[in-house]
Amino acid sequence: MALKGARTAARPTARRRSREIALQALYAWKLAGGDVLAQAKTLEGWARCDRKFATQLITEAVEGSDALEKIIAPHLDRSLASLSPIERVILLIGAYELAQRAETPFRVVLNEAIELGRSFGGTGGHKFINGVLEKLALELRAGEIALLRQAM
């Protein structure tokens, strides 16, 4: 199993690439606006990502950003505006997946967000992201979490 884990770390899956593309495109959108999907299609890695998933993630995160930020805000220990743009976008992606992509297990959503935080965020930012998304998962995925706890 160690070899498989090492290979995965070296070569991200198409879904992980999609999240990385979404992060970069949404970051640029938060800073400068513009056509976020057109921007995403110019990024390195677009051809190797799950383009359908990336497109849905980007467009639905943009369209639902106000609503998603409203469900994130109560779980923060500071204002949304004071977060770094990277943390804000990672939380937006994680909140979208928790709220709208029930087929993706909450643990996967959290792990992917943590990995984005480690790769793109500041020192320790992944811990903050994990804490916020864990609280949000308890709210949005209570049934899934309860079933998992019963199975243990």
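Guide: Buried residues make up 41% of the 152 residues in the protein. The model is a predicted one, in which local features need pLDDT of at least 70 and side-chain atom pairs count only at pLDDT 80 or more, while totals for chains, interfaces and linings use all residues. Residues are numbered from 1 along each chain as its sequence is written, and side-chain values use heavy atoms, with hydrogens and water left out.

Visitor: Why is Glu69 called buried?

Guide: Buried means under 20% relative accessible area, exposed over 50%, and partly exposed in between, with a 1.4 Å probe and protein chains only. Glu69 has a relative accessible area of 11% and is therefore buried. This residue lies in helix H5.

Visitor: Which residues is Glu69 in contact with, leaving aside its neighbours within four places in sequence?

Guide: Contact means heavy atoms within 4.5 Å. With those neighbours left aside, Glu69 is in contact with Lys30, Leu80, Arg88 and Leu92.

Visitor: What makes the pairing of the side chains of Glu69 and Lys30 a polar contact?

Guide: A polar contact is a pair of N or O atoms within 3.5 Å; within protein, one must be able to donate a hydrogen and the other to accept it, and residues adjacent in sequence count only if both atoms are side-chain atoms. The side chains of Glu69 and Lys30 are joined at 2.8 Å, and this is a polar contact.

Visitor: Is Arg101 to be called buried or exposed?

Guide: Its relative accessible area is 10%, so Arg101 is buried. Arg101 is found in the loop between H6 and H7. Its side chain makes a polar contact of 2.8 Å with the side chain of Glu103. Beyond four places in sequence, Arg101 is in contact with Arg15, Phe53, Gln56, Tyr96 and Arg141.

Visitor: How many helices and strands does the protein have?

Guide: There are 9 helices and 0 strands. Helices (H or I, at least four residues) and strands (E, at least two) are DSSP runs, numbered from the N terminus.

Visitor: How do you know that the span of H4 agrees with its number of residues?

Guide: The expected span of a helix is 1.5 Å times one less than its number of residues. The 13 residues of H4 should therefore span 18 Å, and its end C-alpha atoms are 18 Å apart, which agrees.

Visitor: Why are the buried residues of H4 said to line one face of the helix?

Guide: Those residues are Phe53, Ala54, Leu57, Ile58 and Ala61. Seen down the axis of H4, they fall within an arc of 125 degrees, so they line one face; the arc is that of the directions from the helix axis to the C-beta atoms. On the other side of H4, Lys52 and Glu63 are exposed. The buried residues of H4 pack against H2, H3, H5 and H6.

Visitor: What makes H6 a mostly covered helix?

Guide: In H6, 12 of the 16 residues are buried, including Glu87, Gly94 and Tyr96. The buried residues of H6 pack against H2, H4, H5, H7 and H8.

Visitor: What is meant by a nonpolar core, and which residues touch the most other members of the largest one?

Guide: A nonpolar core is a set of buried Ala, Val, Leu, Ile, Met, Phe, Trp, Tyr and Cys residues joined through side-chain atoms within 4.5 Å. The largest has 43 residues, of which Leu26, Ile58, Ile72, Leu76, Leu91, Leu98 and Leu133 touch the most other members. H6 gives the most to this core, with 9 residues. Outside four places in sequence, Ile72 is in contact with Leu80, Leu91, Leu92, Ala95, Val132 and Leu136.

Visitor: Why does Phe106 count as buried?

Guide: Phe106 has 11% relative accessibility and so counts as buried. Phe106 lies in helix H7, whose buried residues are covered by elements that include H2, H6, H8 and helix H9 (142–151). Not counting residues up to four places away in sequence, Phe106 touches Leu98, Ala137, Arg141, Glu144, Ile145 and Leu148.

Visitor: How do you know that the radius of gyration agrees with that of a compact globule?

Guide: The radius of gyration is taken over C-alpha atoms, and the globule rule is 2.2 Å times the number of residues to the power 0.38. With 152 residues, a compact globule would therefore have a radius near 15 Å; the protein has 15 Å, which agrees.
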